[in-house]
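Subject: Structure handover

Hi,

Here is the structure I promised to pass on. Have a look at it first, and my notes follow below.

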Amino acid sequence: NPLPPLAVGQHIRYIESLDKAKDQFEYYVSEQFRVSGIYWGITAMDILNSLSTMDKDGIVEFVLSTQQSSGGFGGNVNHDAHLLYTLSAVQILALYDCLDKIDCERVVQFVKGLQQPDGSFTGDQWGEVDTRFSYCALSCCSLLGRLDALDVPAAISFIVSCRNFDGGFGCTPGAESHAGQVFTCVGALAIAGGLHHIDADVLGWWLCERQLPSGGLNGRPEKLADVCYSWWVLSSLAIIDRLDWIDNAMLRKFILECQDVTHGGISDRPDDQVDVYHTFFGVAGLSLLGFPGLNAIDPVYALPVTTLSRLDITPALQRPQPVAPVPNACLV
């Protein structure tokens, strides 16, 4: 069967409508991660060449209102500060060229204060450790031009300790490899200059095994395909220069089949309910695949390449790739 076209107009209208649907159940159950939802939405709009249709002033004003006295940002107004939402806030402000509207040093001190003696990061004051937070911390400080504020060698050491025999990474040492964690660890190592710790062939093999007969990708063995892994897996493959190790055409087909071509939006799997999360990761995956008409997104920072250029950050695909794997002494 012929592939459906990318429903650009419908996706744009879907994203534009999200903040107007305040009578919908979904609007209220997503309250706690509103800042991240905005990041997904406006970054998708940039990829679709339609960022200018969004309310820049209103969005920036809202994001600034979520900053807490600690310097970090919460997922919404009066919510506790957390690294996840702090990175989303910084990404939004970077995309809109509004980083000058915040006291960057306050943000940096919030992030720095969450690094632990072993190099890991907690997400907030309550102490949960996860490699997601390592990525958030390194990405956030890098975007602010203050990577020097962190103990980068210790951060690298902790991330490497989370590497498994299959080449993948878990959320903590000894935890199961998962494609989402692989992205956070590979992306963090790329930012920190630690890609030489990765065995690109072993990891690339584990990542390409995530592709199923449908063309979609899953996050770990024996799981269903999900559009969001079009980003988590594909970006990791792009960073380690193994993007051609999967069937790009089949993945493109899977993403396009997950569209709601009538009302817009992309879902996790065909015929499921759409949401802004999967819409962003769907169009971001298509961008990485070189889909015509889409703006380029950087696989490390998950931001438009034009944004990184403005910040004088070299896009990932223009950086030298690791030339040889380095053994992980923590592996048994």
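Before the rest, some ground rules. This is a predicted model, and residues are numbered from 1 along each chain as its sequence is written. Local features need pLDDT of at least 70, side-chain atom pairs count only at pLDDT 80 or more, and totals for chains, interfaces and linings use all residues, while side-chain values use heavy atoms, with hydrogens and water left out.

Around Thr184

Thr184 sits in helix H9 (residues 179–192); helices (H or I, at least four residues) and strands (E, at least two) are DSSP runs numbered from the N terminus. Setting aside neighbours within four places in sequence, Thr184 is in contact (heavy atoms within 4.5 Å) with Thr131, Arg132 and Tyr135. Thr131 belongs to helix H7 (residues 131–143) and is buried too, at a relative accessible area of 1%. Again leaving out neighbours within four places in sequence, the contacts of Thr131 are Phe158, Cys162, Gly170, Cys171, Gln181, Thr184 and Cys185.

Cys141 is in no disulfide, and its nearest cysteine sulfur, that of Cys140, is 5.5 Å away. Cys171 is in no disulfide either: the nearest cysteine sulfur there is that of Cys162, 7.7 Å away. As for cover, Cys141 is buried at 0% relative accessibility, whereas Cys171 is partly exposed, with a relative accessible area of 27%.

The chain as a whole

The protein chain has 14 helices and zero strands. Its radius of gyration is 19 Å, close to the 20 Å that the globule rule gives for 332 residues, so the chain is as compact as a globular protein of that length. For that comparison, the radius is taken over C-alpha atoms, and the rule is 2.2 Å times the number of residues to the power 0.38. Along the principal axes, the C-alpha atoms fill a box of roughly 50 × 50 × 35 Å.

Buried residues make up 57% of the 332 residues. Of the contacts with a separation of 6 or more, 67% are between residues 24 or more positions apart. The accessible surface comes to about 14000 Å², and 53% of this belongs to carbon and sulfur atoms; areas are from the Shrake-Rupley method with a 1.4 Å probe, and for residues only the protein chains shown count as cover.

Helix H13

At 1.5 Å a residue, its 13 residues should span 18 Å, and the end C-alpha atoms are 18 Å apart, which agrees; the expected span is 1.5 Å times one less than the number of residues. Of those 13 residues, 12 are buried, among them His278, Phe280, Phe281 and Leu286. What covers them includes helix H1 (8–17), helix H3 (34–47), helix H11 (229–239) and helix H12 (248–257).

Just after H13, Gly290 takes a positive phi of about 75°.

H3 is largely enclosed by the rest of the structure, because 14 of its 14 residues are buried. Its 14 residues should span 20 Å at 1.5 Å a residue, in agreement with end C-alpha atoms that are 20 Å apart.

Which residue with a positive phi follows H3? That is Asn49, with phi near 65°. Most residues other than glycine have a negative phi. Asn49 lies in the loop between H3 and helix H4 (56–65) and is partly exposed, with a relative accessible area of 47%. Asp241 is another non-glycine residue with a positive phi, near 60°. Asp241 is placed in the loop between H11 and H12 and counts as partly exposed at 49% relative accessibility.

Cheers

Technical notes: Buried means under 20% relative accessible area, exposed over 50%, partly exposed in between (1.4 Å probe, protein chains only). A disulfide is a pair of cysteine sulfur atoms within 2.5 Å.
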